[in-house]
Amino acid sequence: MKSNARKSDSNPTLRSRLLRLVLVPLSLILLIDIVGSYFVVRHVANDVYDVELNEIAREMLLHVTRENGRLGFDLSPDAERTLLLDKEDQIYYAIRTVDGKLIAGDPTLPIHKTIKSGKETAYYDGVLQEGQAVRIALLRGKPLLQPPEEVVMIQIAETQIKRDRHERELLMQLILPQVLLILIAGILIWRGVAHGLAPLRKLQQEVGMRSHLDLSPIAADNVPGEVEPLVGAVNDLMTRVDGVLGFQGRFIADTAHQLRTPVAGLKAHIELALRETDPAQVKRALGHLYTSAERLSRLVSQLLSLARNEPNNVAANFAPFDLNQLALRTAQEWVPLAYKKQIDLGFETAEQAVLLNGEAARVTEMINNLVDNAIRYTPPGGRVTVRVHTDEHGAHLVVSDDGTRIPVDERQRIFERFHRLLGSHEEGSGLGLAIVHEIATLHKATITLEDDVDGVGNTFTVSFPVSHASV
């Protein structure tokens, strides 16, 4: 449980991803808007209050005088209070010549060295010696004297208390509606994302409430279009899993049914052998016991082979191999048994190598089952022929026998598991041809059953498509 919790914490939810993708850009836009609004508001506030500083500077210019050929400044205390008195801010002034010589006022007011001399009035920010920030208007003008005198510089500095207050008020008036708008948009987006993801939560609940035995398709009627391919893939997976589980269920049921008889036979022979006191009878019972054990071993081997070659359970590991050589080597291994049963086992090779892309071990098993089936049901003196040939459609493996002709209506069912022809006296489990069919399906090959060309027996043909063959 702890590992699952850590995993869920490390993987952000789709909701959190969507909200981040939307709300983070909105927050950045709001931040950029606040910064831009601050500079706009500051510019507006400066424009308003700079005009007042300029008017004060022009009024100061009217009070520049000349005495004994020297410039002076004459401003009565009442006039000074009228011009410089402010309820919130402190106003300072300084009057200088163009070379910086102080005529009157505060000598500590800083002069901005980068102010262009061509501008009549310039505005800039400065700091007094006390560390207080001020806004300064610098006016260059000629006093109204006769004869005209040189240009003088008049500085009017004002602290920024009311400017800052005005800026804050304007900024709040601009930013507050935008912040509220972003908050409302964020809430709507949050609810919208939650509403949009509601079908996913419903889908999660529907899947979570299912039994592990319920592999029916998930309804994709109300899921978003982006999720529909995922639901389709899950349904496809569940269909395949259902097929595998169905095969396993059938396989277990069939196996239990097929093993019941030979196991009962083994028990009967063992009980008989235990009761016998005659050594000859005990030996005969042991012979029957060996035969039953051999049949049981073959049945188990074929059952395991059938399960191993089920296409839904196989992870194919294909590689090139020569069907010609493989079929020849496999057929040669059956020569002793064919000779023992007085059967003529022949092989007809193709004119050239027949390269297939597949699993040689499984194809070998398929050939073994076909040849075993042919030898098992061919009477003594008959013939079994294994042939490999190619044409424009691909490669073909043909096994012909002289056994009992399989009726047309039985030719499809002959490849079913545990299906055996009525009237057959040969021992068998009915799994050999089912294994052949599974291996052929795994290799995308088709298998057909027809009468032999000589009219006696049957011909099994496994045709590999061109995509699996190099002919």
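Which residues of α11 are buried? Keep that in mind while we walk through the model; the answer comes at the last stop.

**Before you click**

What you have open is a predicted model, where local features need pLDDT of at least 70 and side-chain atom pairs count only at pLDDT 80 or more, while totals for chains, interfaces and linings use all residues. Residues are numbered from 1 along each chain as its sequence is written, and side-chain values use heavy atoms, with hydrogens and water left out.

**Stop 1: the whole chain**

Show everything as a cartoon. Of the 471 residues, 37% are buried. Buried means under 20% relative accessible area, exposed means over 50%, and partly exposed is in between (1.4 Å probe, protein chains only).

Switch to a surface view. The chain exposes about 28300 Å², and carbon and sulfur atoms supply 58% of that. Accessible areas come from the Shrake-Rupley method with a 1.4 Å probe, and for residues only the protein chains shown count as cover. As for contacts (heavy atoms within 4.5 Å), take those with a separation of 6 or more: 65% of them join residues 24 or more positions apart.

**Stop 2: a patch on the surface**

Select V24, L28, L31, V35, Y38 and F39. Together they form a nonpolar surface patch with about 570 Å² of accessible area. Patch members have over 30% relative accessible area and no salt bridge; like charges are joined within 9 Å, nonpolar side chains (Val, Leu, Ile, Met, Phe, Trp, Tyr) within 5 Å. A salt bridge, by the way, is a side-chain nitrogen of Lys or Arg within 4 Å of a carboxyl oxygen of Asp or Glu.

Zoom in on F39, which sits in helix α2 (residues 14–61). Why does F39 count as exposed? Because its relative accessibility is 56%.

Now slide along to E59, also found in helix α2. E59 is partly exposed, at 31% relative accessible area.

**Stop 3: aromatic pairs**

The structure holds two aromatic pairs. Go back to Y38 and F39: their pair is edge-to-face, with 5.5 Å centre to centre and 70° between the planes. Rings of Phe, Tyr and Trp (its six-membered ring) pair if their centres lie within 6.5 Å; planes under 30 degrees apart count as stacked, over 60 as edge-to-face and the rest as tilted. Y38 is partly exposed, with a relative accessible area of 35%.

Next, select F73 and Y93. Their pair is tilted, 5.7 Å centre to centre with 45° between the planes. It links distant parts of the chain, with F73 in strand β2 (residues 70–73) and Y93 in strand β3 (residues 91–97), 20 residues apart. Both F73 and Y93 are buried.

**Stop 4: T459**

Find T459 in strand β14 (residues 458–465). T459 is buried, at 10% relative accessible area. Its side chain makes a polar contact with the side chain of S400, at 3.2 Å. That term means a pair of N or O atoms within 3.5 Å; within protein, one must be able to donate a hydrogen and the other to accept it, and residues adjacent in sequence count only if both atoms are side-chain atoms. Leaving aside residues up to four places away in sequence, T459 touches several others, including V398, T448 and V453.

**Last stop: helix α11**

Select residues 432–442. Helix α11 is mostly covered, with nine of its 11 residues buried. Here is the answer: the buried ones are G432, L433, A434, I435, V436, E438, I439, A440 and L442. Finish at K444, which follows α11 and has a positive phi, near 55°.

Note on methods
Helices (H or I, at least four residues) and strands (E, at least two) are DSSP runs, numbered from the N terminus.
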